[in-house]
Every structure is written in structure tokens, then in C-alpha cells.
Amino acid sequence: MDTYEFARQIRILALKSVYSAGCGHITSALSCADIIAVLYNEKMDYDPSFPDYPDRDRLVLSKGHACPALYAALALKGFFDVAELDNLRDISGFLEGMPSMVLTPGVDMSSGSLGMGVSSAAGMALAARINKRDYNVYAIVGDGEINEGQIWESFLFAAHNK
């Protein structure tokens with residue numbers, strides 16, 4: 001499916017999953033649906049059948065409360081069954097209110113506390129260089145966390161280390 005339709009499906013599935021859960025941050029999810037669609041449909045190199053492939057591109061969703069959009073993209077790309085989206089925030093499921101790299105296939109970094117995602121992404125990128133790996137690291141941050149000092153320290157670190 002083309003990227004426009006992929007983004008539309010992400011929005012629809014994110015809305016449905018938040019509705020099923022009875023709670024969630026739908027506006028945050030909708031605000032990054034296009035970015036996630038472009039990354040997963042056009043830019044990122046990954047293989048849903050091998051989610052831990054060492055040279056896969058990585059996405060850090062620093063604004064973790066937007067995870068319904070990420071979960072929808074992962075489901076649409078085959079990391080897990082789309083029907084699982086109905087189990088968002090369900091105690092018996094693996095789709096928590098914040099992304100968990102331990103529980104959810106395709107999630108590259110757990111998030112929750114705002115401001116930590118850029119640090120994680122910069123560390124992943126530096127690890128790629130040190131280990132001579134060939135992958136890209138993307139980070140999606142929210143406007144609320146831009147005021148965190150850790151974000152700016154991470155930006156400076158990333159710029160310094162190129």
C-alpha cells in the first residue's frame with residue numbers, strides 16, 4: 001500500500017485501539033502517524049520475520065504515549081497480528097500504554113519518561129559506528145519534552161559525535 005494509505009490505516013487502527021482500551025493519548029498518536037508511515041513504508045530497513053536483525057534500522061519513540069500509532073504500523077507491517085491492537089493496555093496483552101522492547105515485537109527502545117529517547121537514539125547511533133554496523137537510528141520526540149535538559153544535552157552529544 002502507498003504511504004498515504006498506510007498513514008490513513010495507522011490513524012484508523014490507532015483510533016480503534018484507543019477506543020477498545022477506553023483510554024490512551026490519541027492526539028499524540030495521530031500527530032506522528034505520517035512520520036511513522038514514511039519511516040516504515042519508505043525509509044527504514046527492517047524484516048518483521050527477524051525483528052532482532054542486527055543491521056535493521058531503529059526507531060525510538062521518545063514520546064511513548066503515542067504508541068498506538070507505532071503499534072498500528074508494526075501490526076500492518078507484520079510484526080504481529082492486527083487483531084492484537086484490540087488488546088491495547090490489556091493486562092493479558094503485550095501492547096502496553098508505553099512501548100516495551102521486552103514485550104512487543106518490533107519495538108527498538110522502551111520509553112515512558114519524556115526526554116530520554118534522544119539519549120537512547122544517540123547511544124544506538126554511536127554503538128553502530130563503534131561496532132561498524134550499518135543501520136540508521138530515528139527518534140520521534142514530542143513538543144512537551146523539548147524543554148527537558150537531557151534532550152538538549154543529547155542533541156549536543158549527537159552533533160559533537162556526528
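## Aromatic rings

Tyr40, Tyr46 and Phe79 form a cluster linked by ring pairs. Rings of Phe, Tyr and Trp (its six-membered ring) pair if their centres lie within 6.5 Å; planes under 30 degrees apart are stacked, over 60 edge-to-face, and the rest tilted. This is a predicted model, where local features need pLDDT of at least 70, side-chain atom pairs count only at pLDDT 80 or more, and totals for chains, interfaces and linings use all residues. Residues are numbered from 1 along each chain as its sequence is written, and side-chain values use heavy atoms, without hydrogens and water.

The rule gives 5 aromatic pairs. One of them is Phe50 with Tyr53, a tilted pair at 5.6 Å centre to centre and 55° between the planes. Trp152 and Phe155 are edge-to-face, because their centres are 5.2 Å apart and their planes stand at 85°.

## Helix 6

Trp152 and Phe155 both belong to helix 6, 3 residues apart, or about one turn. Helices are DSSP runs (H or I, at least four residues), strands are E runs of at least two, and both are numbered from the N terminus. Just after helix 6, Lys162 has a positive phi of about 55°.

## Strands and charges

Strand 1 (residues 58-61) is covered on both faces: Arg58 and Val60 on one side, Leu59 and Leu61 on the other, are all buried. Buried means under 20% relative accessible area, exposed over 50%, and partly exposed in between (1.4 Å probe, protein chains only).

Arg58 also lies over the face of Tyr135, 3.7 Å from the ring centre. A charge sits over a ring if NZ of Lys or CZ of Arg is within 6 Å of the ring centre and within 35 degrees of the ring normal.
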